[in-house]
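Hi,

Here is the structure I promised to pass on. Have a look at it first, then read on for what turned up in it.

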Amino acid sequence: MLARAIIIATGAQYRKLPLANLDRFEGAGIYYGATFLEAQVCEPDEVVVVGGGNSAGQAAVFLSQTAKAVHIVIRAESLASTMSRYLIRRIEESSVITVHPHTEITALEGSDRLERIQWRDNLTAQVETHDFRHVFLMTGASPNTDWIAGCLTLDAKGFIKTGPDLTPRDLQNAGWPLSRLPYLLETSLPGVFAVGDVRSGNVKRVASAVGEGSISISLVHKVLAE
């Protein structure tokens with residue numbers, strides 16, 4: 001089958017904790033993003049952020065504005081090797097945020113929604129139970145792009161680069177054949193667009209993906225009119 005335009009919306013797989021009942025609490029205490037909506041739901045409870053990267057740091061700082069306390073859970077010894085110094089400084093200066101190194105969540109408990117968690121200190125093997133009702137898993141995502149390797153330009157994490165994110169060198173290496181630059185959501189191959197979680201720079205939210213899908217339709221019409 002031949003096509004003059006394609007929209008790729010294959011998404012990404014969020015890295016999840018190896019807990020048997022994790023799916024049961026997704027959206028009911030387990031979250032994969034920290035926005036104004038989640039902050040309102042959590043206020044004024046204590047929250048847990050799992051992860052040591054910049055996304056986890058940004059989530060912790062954001063949630064600290066409304067939450068009673070924010071607990072960052074990491075398996076490493078510190079945040080130094082995985083988080084930007086700016087975020088680490090913000091976390092260290094906060095009286096609301098506590099970092100728990102060498103720690104991982106081992107169990108989730110609750111009925112209709114998350115009510116308690118257990119975590120283990122991997123240095124002491126001590127297990128503690130806490131009445132935390134909100135856990136943010138900020139451990140990253142893997143894009144569903146294995147099937148297009150070598151066909152489109154990807155970023156360092158495997159997400160599809162589009163529009164302004166494509167550098168002149170990217171376009172040169174891809175053999176971009178047109179005099180115009182790629183449209184906003186257009187990939188390194190003319191007429192091929194990427195939207196949603198699979199796209200580099202996407203904020204990984206449903207509303208964003210829906211918006212990008214709508215924008216891509218108008219861009220497809222531009223391509224078809226060329």
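Let's start with Arg 180. Leaving aside neighbours within four places in sequence, Arg 180 is in contact with Glu 186, Val 223 and Glu 226. You'll find Arg 180 in the loop between α4 (168–174) and β12. Is Arg 180 buried or exposed? Its relative accessibility is 18%, and buried means under 20%, so Arg 180 counts as buried.

Before going further, please keep in mind that this is a predicted model, not an experimental one.

Now the big picture. The protein has five helices and twelve strands, and its C-alpha atoms fill a box of roughly 60 × 35 × 30 Å along the principal axes. Of the 226 residues, 43% are buried. Take the contacts between residues at least 6 apart in sequence: 58% of them join residues at least 24 apart.

Next, the inside. In soluble globular proteins, nonpolar side chains tend to be buried together. Here, the largest nonpolar core has 22 residues. Which residues have the most contacts inside it? They are Val 47, Val 49, Leu 63, Val 70, Ile 91, Ile 97 and Phe 136. The elements giving two or more residues to this core are α1 (36–42), β4 (46–50), α2, β5 (69–73) and α3. Helix α2 provides the largest share, five residues.

Not counting residues up to four places away in sequence, Val 70 touches Val 47, Val 49, Ala 60, Leu 63, Ser 64, Val 96, Ile 97 and Thr 98. There is also another core, lying apart from the largest one, with 17 residues, among them Leu 19, Phe 25, Val 73 and Trp 119.

The buried residues in α2 are Ala 56, Gly 57, Ala 59, Ala 60, Val 61 and Leu 63. What do they pack against? The list is α1, β4, β5, α3, β6 (97–100) and β10 (135–137).

The axes of α2 (residues 54–63) and α3 (residues 85–93) come within 10 Å and cross at roughly 35°, and the crossing is left-handed. On the α2 side, the contact is made by Asn 54, Gly 57, Gln 58 and Val 61, and on the α3 side by Leu 87, Arg 90 and Ile 91. Sorted by type, the residues of this contact come out as three nonpolar, three polar and one charged.

With a relative accessible area of 10%, Leu 171 is buried. Leaving out residues up to four places away in sequence, Leu 171 touches Leu 166, Trp 176, Leu 181 and Pro 182. Ser 188 is 17 residues from Leu 171 along the sequence, and their C-alpha atoms are 6.3 Å apart in space.

Asp 197 makes another stop on the tour. This residue is in the loop between β12 (192–194) and α5 (206–225), and Asp 197 counts as buried because its relative accessibility is 16%. Between the C-alpha atoms of Asp 197 and Gly 52 there are 21 Å, and the two residues are 145 apart along the chain.

Most residues other than glycine have a negative phi, and most peptide bonds are trans.

- Glu 43 and Pro 44 are joined by a cis peptide bond, with omega about -5°. Pro 44 is in the loop between α1 and β4.
- His 102 has a positive phi of about 55°, although it is not a glycine. This residue is in the loop between β6 and β7 (103–110).
- Ala 125 has a positive phi of about 65°, and it is not a glycine either. Ala 125 is found in the loop between β8 (114–121) and β9 (127–130), and it counts as exposed, at 54% relative accessibility.

Happy exploring!

Note on methods:
Residues numbered from 1 in each chain as written. Predicted model: local features only at pLDDT ≥ 70, side-chain atom pairs only at ≥ 80, totals over all residues. Heavy atoms only, no water. Axes fitted to C-alpha atoms, helices over the stretch in contact; angles between N-to-C directions. Helix = DSSP H or I, 4+ residues; strand = E, 2+ residues; numbered from the N terminus. Left-handed = near helix turned anticlockwise from the far one by under 90°. Contact = heavy atoms within 4.5 Å. Nonpolar A, V, L, I, M, F, W, Y, C, P; charged D, E, K, R; others polar. Buried < 20%, exposed > 50% of the residue type's maximum accessible area, 1.4 Å probe, protein only. Core = buried A, V, L, I, M, F, W, Y, C linked by side-chain atoms within 4.5 Å.
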